[in-house]
Amino acid sequence: YLDSHPYHVFFEQGRAFTPRQHIAYVCRSNTGEVKECCYEDAPNNTVPSHGISRIIGEWSGAYDTLPTAMVPYLMKGISTFGQAPFINRTLSRERKDFLRHFVEAQMVAYEARDAGVSSGWLFWNFKMEGGAFAEWDFLRGVKEGWMPPIPEPHVASEDLYGSCYEIYNRTNDDYSLVVDEFPDPRTLDWTQWQGWDANDDFVMSDPNIPNAPYYGPPRPWYIRMLFPMMLAGLFVFVLRRWQTRKHRESVGYTELKV
């Protein structure tokens, strides 16, 4: 098997997506990646390989919380207060509705029924402790209704939930009700953590994209301090000149003009 792990949370620009952008990215990028392999007649890619196939060995419902940032925050909370933050976190109705669509779209994409190159998928994880990573909790998803029951082996998810684009069209795109990024990806350097670009026209055409453009990676501290240091140097220079002049006047020194 060719094992793939498509996650949106390790993709800084992706964590800032609107709800529909997440679905669009599944429909275009994730679906395309699944269908890139594996075939007997490459590059025509019409006959699925008999020797190797794609398997999605890890994926989840997580989309807006970076685990590598959340874990230190949880550990600090435990050491300070004796309890992990978000231990009893609940999900809003709007968030659960989006999760259902996000999960359905991924199930359809990762099965790639029309291409016949996928051997299936494994949701990661089976169960999580506490509420900080609720979107990784398969059992919780089933209980709360945002994780659909696993279809029978002979039934495609697309037959149950429609195509990925149909799921996109019925997704609520209210950013403020669905997306709660941690940390805010616009404050980070995207190039430092799997920061590839989402340059697909369909993904980037959502009219509800928040008007908060990314201005690039933060500048090094010595660059950020350059202007304040120059300003401080100028101030010191002017101040010393003024003090020298006042001192000369106080001792009766007169500057000769030539």
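**Close-up views of a predicted model**

Asparagine 45 is partly exposed, with a relative accessible area of 31% (buried means under 20% relative accessible area, exposed over 50%, and partly exposed in between, with a 1.4 Å probe and protein chains only). The model is predicted, so that local features need pLDDT of at least 70 and side-chain atom pairs count only at pLDDT 80 or more, while totals for chains, interfaces and linings use all residues. Residues are numbered from 1 along each chain as its sequence is written, and side-chain values use heavy atoms, with hydrogens and water left out.

**View 1. Asparagine 45 has a positive phi, near 55°, although it is a residue other than glycine.** Asparagine 45 belongs to the loop between helix 2 and strand 2, where helices (H or I, at least four residues) and strands (E, at least two) are DSSP runs numbered from the N terminus. Most residues other than glycine have a negative phi, and most peptide bonds are trans.

**View 2. A cis peptide bond leads from cysteine 37 to cysteine 38, with omega near 10°.** Cysteine 38 is found in the loop between helix 2 (19-35) and strand 2 (54-59).

**View 3. Tryptophan 124 and asparagine 125 are joined by a cis peptide bond, with omega of about 25°.** Asparagine 125 is placed in the loop between strand 3 (118-123) and helix 5 (138-144).

**View 4. Phenylalanine 86, a residue other than glycine, has a positive phi near 65°.** Phenylalanine 86 sits in the loop between helix 3 and helix 4 (93-111), and is partly exposed, with a relative accessible area of 37%.
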